[in-house]
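These are my notes on what I looked up in this structure.

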Amino acid sequence: MRFDASFSYTFNFIPTIKASLRGGVINITDEDNVINRYCKINPNNTNKTIEVSNKSLGMTPNIIFRVHF
């Protein structure tokens, strides 16, 4: 389970130039989320396999500032 949040705010610098500010946080709860799981052969013992789990990013904040002219 994952919880994300974001916001967006648009405003005018001057009447002909607009700007927008956007931000968000991905995976606020910092949960370990498995997005892919597979098995591969153990290089030390070819009779056994190793399970590999790829996980998503932990808590990741981001911010974007754009100027539209």
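I looked up Phe 13 and found 46% relative accessibility, so Phe 13 counts as partly exposed (buried is under 20% relative accessible area, exposed over 50%, partly exposed in between, with a 1.4 Å probe and protein chains only). The model is predicted: local features need pLDDT of at least 70, side-chain atom pairs count only at pLDDT 80 or more, and totals for chains, interfaces and linings use all residues. Residues are numbered from 1 along each chain as its sequence is written, and side-chain values use heavy atoms, without hydrogens and water.

Phe 13 is in strand β1 (strands are DSSP runs of E, at least two residues, numbered from the N terminus).

I next noted Asn 42, in the loop between β3 (34–41) and β4 (49–55). Asn 42 counts as buried because its relative accessibility is 16%. Its side chain reaches the backbone nitrogen of Asn 44 at 2.9 Å. Leaving out residues up to four places away in sequence, Asn 42 touches Lys 48, Thr 49 and Ile 50 (contact means heavy atoms within 4.5 Å).

Then I asked: is Asn 33 buried or exposed? Asn 33 has 12% relative accessibility, so it counts as buried. I located Asn 33 in the loop between β2 (17–26) and β3. Neighbours within four places in sequence aside, I listed its contacts as Met 1, Arg 2, Asn 27, Asn 54, Lys 55 and Ser 56.

Conventions:
Helices (H or I, at least four residues) and strands (E, at least two) are DSSP runs, numbered from the N terminus. A polar contact is a pair of N or O atoms within 3.5 Å; within protein, one must be able to donate a hydrogen and the other to accept it, and residues adjacent in sequence count only if both atoms are side-chain atoms.
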